[in-house]
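Please have the sequence and the model at hand.

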Amino acid sequence: MKKRKLLMIPGPIEFEPEVLRAMSLTTTSHVAPNFIETFGHCLELLKNIFEAPNGQPFVIAGSGTLAMDMAAANLIETGEKVLVISTGYFGGRFNDIFKRYGASTTVLRASIGESVDLAQIENVLKTDQFKALAMTHVDTSTGILADAQSIAELANKYGALSVLDGVCSVAGERMEQENWGIDIVLTGSQKAIGVPPGLALLMASKRAIEVWKKRKNPVPNYYADWANWLPIMQAYEERRPSYFGTPSVNLIYALEVSLQSIIEEGMVQRAQRHKKLADAFRRGITAIGLKLMPKTEEVAANTLSAIYFPEDIDGGLLRKKIMESDVIIAGGLLPEIKNKYFRVGHMGAVSANDLLAVLGALERVLLELGHCFEAGRSMAVFQDTILNWPESSLA
Ligand SMILES: *Cc1c(COP(=O)(O)O)cnc(C)c1O
């Protein structure tokens, strides 16, 4: 009997053995020459991953929420207007964070299963001058993928800075920060980046840094203040020793290994792999009569799926039984429908085999609980989709 379970939640994900091995290297000084080299290299690699050759990367000990906090704290001053595009739980969190720094926020909230309409966003941008627009690329509570490129275009058209919560998308979905004109993109280490929890990653455009430099008041958050971190990031990139707060030495060793393997796969190829697996998984799920939360393919995320429990099934029992089958999936997160759905993460190094294991466990438990369908159906559809995937679409 295997004593490990397959971890299929939307973060933390399963990490590659070589990434975990890097965590166990001897911890050195944060100013040891080999560590300075690793940190500097990570900052360079991040510019490739975020597709922001002129961006300013920040790598700080903390979770993804710290990166959200850092974006709001450094960009916003009391009374400034922020438009928040919310497609779920994390849009709500971003709104709370901006308000904490004194922003006057307007929230455009999507209906469940949908994204916010572009025309609606444009209408609001027309009526008021916003300092910034914040959006969630993939909201992990709903599995909704926002059209970040088009929304950023609108922000630019109406002179608002754009901020993208990419915690559940960076290195999983296509995201070209500079081409798309996004001012801040942020993520955490434990999702599609593939490194254990504990690093907040943020990339700021030249314009975002200029706006921060022109602030009238100091940043009202000591730990997140770019004034403390910018010189440190610049020093590491120039391979000079420096100190503000002790970096997570071992996590940064692991980060270098994971970022390198992401670059080796290729950003386009990596996003395509996520898309192919997610598409096959969604088809498998719907083939056995289950409903996905995203109402259309267009707004369905490729890094996770949010799936409604069938109405004739006790969701709590289903989750418990799947767990007993050695597969860990996540429950609901959106408060109003928390007990009506579950979530499966499929990002990072995820393979077709992992998703077949999820479908296998799910089918077995559903059949045991009396949900009717032809056994093996979801897996057959999954395999068929993978086998017939048009690789030529890899552009
Ligand atoms: C996970 C997640 C966060 C929060 O990240 P933590 O590392 O848990 O702080 C924020 N936004 C999105 C979209 C996420 O998926």
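How many bridges join strand β5 to β8, and do these strands run parallel or antiparallel? The two run parallel, with 5 bridges joining β5 (residues 132–136) to β8. Strands here are DSSP runs (E, at least two residues), and helices are runs of H or I of at least four residues, numbered from the N terminus. Two strands pair if DSSP finds at least two bridges between them.

A word on the source: this is a predicted model, in which local features need pLDDT of at least 70 and side-chain atom pairs count only at pLDDT 80 or more, while totals for chains, interfaces and linings use all residues. Residues are numbered from 1 along each chain as its sequence is written, and side-chain values use heavy atoms, with hydrogens and water left out.

**Strand β8 and its neighbours**

On its other pairing, β8 is joined to β9 (residues 184–188) by 3 bridges, again parallel. Strand β8 (residues 161–165) is largely enclosed by the rest of the structure, because 5 of its 5 residues are buried. Buried means under 20% relative accessible area (1.4 Å probe, protein chains only). Both faces are covered: L161, V163 and D165 lie on one side, S162 and L164 on the other.

| Strands | Bridges | Direction | A bridge pair |
|---|---|---|---|
| β13 and β14 | 2 bridges | antiparallel | A330 and R343 |

Strands β13 and β14 belong to an open, antiparallel sheet of 3 strands in the order β11-β14-β13. Its edge strands, β11 (304–308) and β13 (330–331), each pair on one side only.

**Where the domains meet**

An automatic or database domain assignment gives domain 1 (17–265) and domain 2 (267–394). Their centres, taken over C-alpha atoms, are 28 Å apart. Each domain brings 28 residues to the contact, meaning heavy atoms within 4.5 Å.

About 2300 Å² is buried between the domains, 62% of it from carbon and sulfur atoms. This buried area is the accessible area (1.4 Å probe) that the two parts lose on being put together, summed over both. In domain 1, I112, R174 and E265 lose the most area to domain 2, together 26% of what that side buries.

The rule finds 3 salt bridges across the interface, a salt bridge being a side-chain nitrogen of Lys or Arg within 4 Å of a carboxyl oxygen of Asp or Glu. E265 also forms a salt bridge with R270, with the closest N and O atoms 3.1 Å apart.

Conventions
Buried means under 20% relative accessible area, exposed over 50%, partly exposed in between (1.4 Å probe, protein chains only).
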